[in-house]
Amino acid sequence: MTALLRLRLAGFLRTGRALAPVLAGLVALGVLYGGGRAQPGEAYGVSAVVLFPVLAWQTKVLLDVEPDVQRRLAQVLVGVPRERLAGLLAAGMAGLGTVAVALLFPWLVGGVTGPVEPGDRSVPVGLAVGVWAHLLAVPAAVPLGALASRASTGGAGYGVAVLALGGVGAVVLGLTGSVAPWLAPPVMATARAAADDLAAPTAALLTAWALAWSATAGAGYLWRRRHRP
Amino acid sequence: MRLENVWLRYHRRGPWVLRETQARIDPGEVVVVLGRNGAGKSTLLQVAAGVLRPSRGRVTDRPRHVGWVPERFPADQPFTVERYLSAIGRAAGLHPEAADRAVDHWISRLGLTGFRRVRLPELSKGTAQKVGLAQALLRPPGLLVLDEPWEGLDAATRDLVPAVVDEVRAAGGSVLVSDHRGEVARLPGARRWTVTDGTVTDGAPSTDTAMVVVEVAVPAARVAGAVARLRAGGHHILRVRPDATPAAEADPAAGGPG
């Protein structure tokens, strides 16, 4: 399965289509950090929200660049479960690469600052919170992108709709006072928690929420693929 | 491998593409799947290969290693022939050195040596089809599924297909081949499944006494000698006729404006 994962990553990176979501992510981060300096926890929390639809889009592109017949060949080669898993893992690895760029980006453009007042988080703690916030966005975005992929929807139009609904829904349903926050991955709640004092139980709850949402969306993707090789 | 009461349709309310399919292929057997375009041959082959899941029924005893050669190889991929095949060999579970050896073997055997470092999208249809054939054979298959394997191949490689089929059969593997061009004569002894409107009929195998017709063009001046040599070789001469093609093209009345 590792070889198939590497083949898919290589196929994604060698096509020009990989550039579109990466550039969109960099532009969004540029706008985000162009507004002024912020402390790492707060800045990274918002960065994770901005990156969520970008990571989902990147996943869709990664899965869509592989021709349908090649995906079927891969299925014959390694079996159904491994073919599905290799796609999700390849997207997860590509997502981690984008997250690494997003974590580095504000330091290159001077978008973050150290503690200003007594009681502010230190830079290492803020960085750790930021890494956590981004790592929660990846497992939530990958199954959303997979659900929007051609293999799941069967057509480009439906894929864009799934992507748009998922991206907008994560923000709208994640607003304070939302009637159904559990329907969306906790990217907004994570951003709020990262900006405030983050207690361990809150972090554990948000992590469990993100993983449960990811597992549910991932199961939905596998269900959609039952009769779509 | 057995297909037990297999039904398949692509959409919940769509028409059935395969119905009540009962079929069996044993190790060492070759089966040619016949039928007109759109009859369901490719669908049947994809069910056998494990690409498509039956809507009803089941496929049992499918060999662990399956090689599938699709009707059209997906050449729109950003890899060279060598890099692609090497990655496929590794994905198939071969050790890197074994994968490289298998890649070298099939690249050489299928006449792909000159295309080793050519990117897949730059290949002609026939050459891409050879890559499709190679990827299915890197790991010796217990079941080889060939969807119209002669399509787009040059004469030399078309002749190689029966040899490859024989090798898989000799190693105890099964081979399933679809054919709508009448190339079945290249596989004497193969059983026949005929697909008609989604139903599969298991036919009798062709025997070694089955006859085929080979058309041979010889210079008119040497026709008597050629006929004599063929008869001496035990071949049955059906008829001798003039080569109509050049005559038709040369006839100004045939295609000229009226």
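User: How many residues does the contact take from chain A and from chain B?

Analyst: The contact, meaning heavy atoms within 4.5 Å, takes 19 residues from chain A and 26 residues from chain B. This is a predicted model, in which local features need pLDDT of at least 70 and side-chain atom pairs count only at pLDDT 80 or more, while totals for chains, interfaces and linings use all residues. Residues are numbered from 1 along each chain as its sequence is written, chains are lettered from A and ligands numbered from 1 in the order in which they are written, and side-chain values use heavy atoms, with hydrogens and water left out.

User: What area is buried between the two chains?

Analyst: About 2,100 Å² is buried between chain A and chain B, and carbon and sulfur atoms give 66% of that area; buried area here is the accessible area (1.4 Å probe) that two parts lose on being put together, summed over both.

User: And how many salt bridges and polar contacts?

Analyst: The count of salt bridges between chain A and chain B is zero, a salt bridge being a side-chain nitrogen of Lys or Arg within 4 Å of a carboxyl oxygen of Asp or Glu. Six residue pairs across the interface are in polar contact, both residues being at pLDDT 80 or more; the rule asks for a pair of N or O atoms within 3.5 Å, and within protein one must be able to donate a hydrogen and the other to accept it, with residues adjacent in sequence counting only if both atoms are side-chain atoms.

User: Which elements of chain A give two or more residues to that side?

Analyst: They are α1 (2-13) and α4 (68-78) of chain A, where helices are DSSP runs (H or I, at least four residues) and strands likewise (E, at least two), numbered from the N terminus. Of the elements, α4(A) gives the most, with eight residues.

User: Switching to chain B, how is it divided into domains?

Analyst: Chain B has domain 1 (2-203) and domain 2 (220-255), with bounds from an automatic or database domain assignment, and 37 Å separate their centres, taken over C-alpha atoms.

User: Which strands does β1(B) pair with?

Analyst: Strand β1 (residues 2-8) of chain B pairs antiparallel with β2 (residues 18-24) over four bridges, and four bridges also join β1(B) to β4 (residues 56-60), again antiparallel; strands pair if DSSP finds at least two bridges between them. B:Val6 stands opposite B:Thr21 in β2(B), while B:Leu3 stands opposite B:Val59 in β4(B).
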